[in-house]
Amino acid sequence: QVQLVESGGDLVQAGGSLRLSCAASGSIFSINTMAWYRQAPGKQRELVAIITNGGITNYVDSVKGRFTISRDNAKNTVYLQMNSLKPEETTVYYCNADLRTGWAAPATSYWGQGTQGTVPS
């Protein structure tokens, strides 16, 4: 059993910052990529940022220069530092991990339950 538990969602004023965390636990052999997605009501889930186990990162264009994804491989934890937040970024943020539960197991995608970030206009 694998669990991804997010934390850090909150209400912050426009221009403010939030730091999200996501810890993976359970029967984990190795983690490939870890990522953050977001999904506003009525919209498709959007990839915000992704990081490989080697530390290579990529971001959706709208957050480049404002958001930073990082990970602590020893803790199986991924972070998302979000600066200069905008009201339109009010949404639920989801953690994703592509991982293996054993040396012969296939890579499988796991999701957290989501954490709400609110930026009032």
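Buried means under 20% relative accessible area, exposed over 50%, and partly exposed in between, with a 1.4 Å probe and protein chains only. The model is predicted: local features need pLDDT of at least 70, side-chain atom pairs count only at pLDDT 80 or more, and totals for chains, interfaces and linings use all residues. Residues are numbered from 1 along each chain as its sequence is written, and side-chain values use heavy atoms, leaving out hydrogens and water.

**Stop 1: the disulfide.** Select C22 and C95. A disulfide joins them, S to S 2.1 Å; the criterion is a pair of cysteine sulfur atoms within 2.5 Å. C22 lies in strand β2 and C95 in strand β8, 73 residues apart. Strands are DSSP runs (E, at least two residues), numbered from the N terminus. The S-S torsion is about -75°, so this disulfide is left-handed. C22 has a relative accessible area of 0%, so C22 is buried. C95 is buried too, at 0%.

**Stop 2: strand β7.** Select 77-82. Of its 6 residues, 5 are buried. β7 pairs with β2 in the antiparallel sense over 6 bridges; pairing takes at least two DSSP bridges between two strands. Find L20 opposite L80. On β6, also antiparallel to β7 and joined by 6 bridges, R71 has V78 as its bridge partner. Now go to the hairpin of β6 and β7, with 4 residues between the strands: N76 takes a positive phi near 50° there.

**Stop 3: the core.** Select W36, I69, V78, L80 and M82. They touch the most other members of the largest nonpolar core, which has 26 residues. Such a core is a set of buried Ala, Val, Leu, Ile, Met, Phe, Trp, Tyr and Cys residues joined through side-chain atoms within 4.5 Å.
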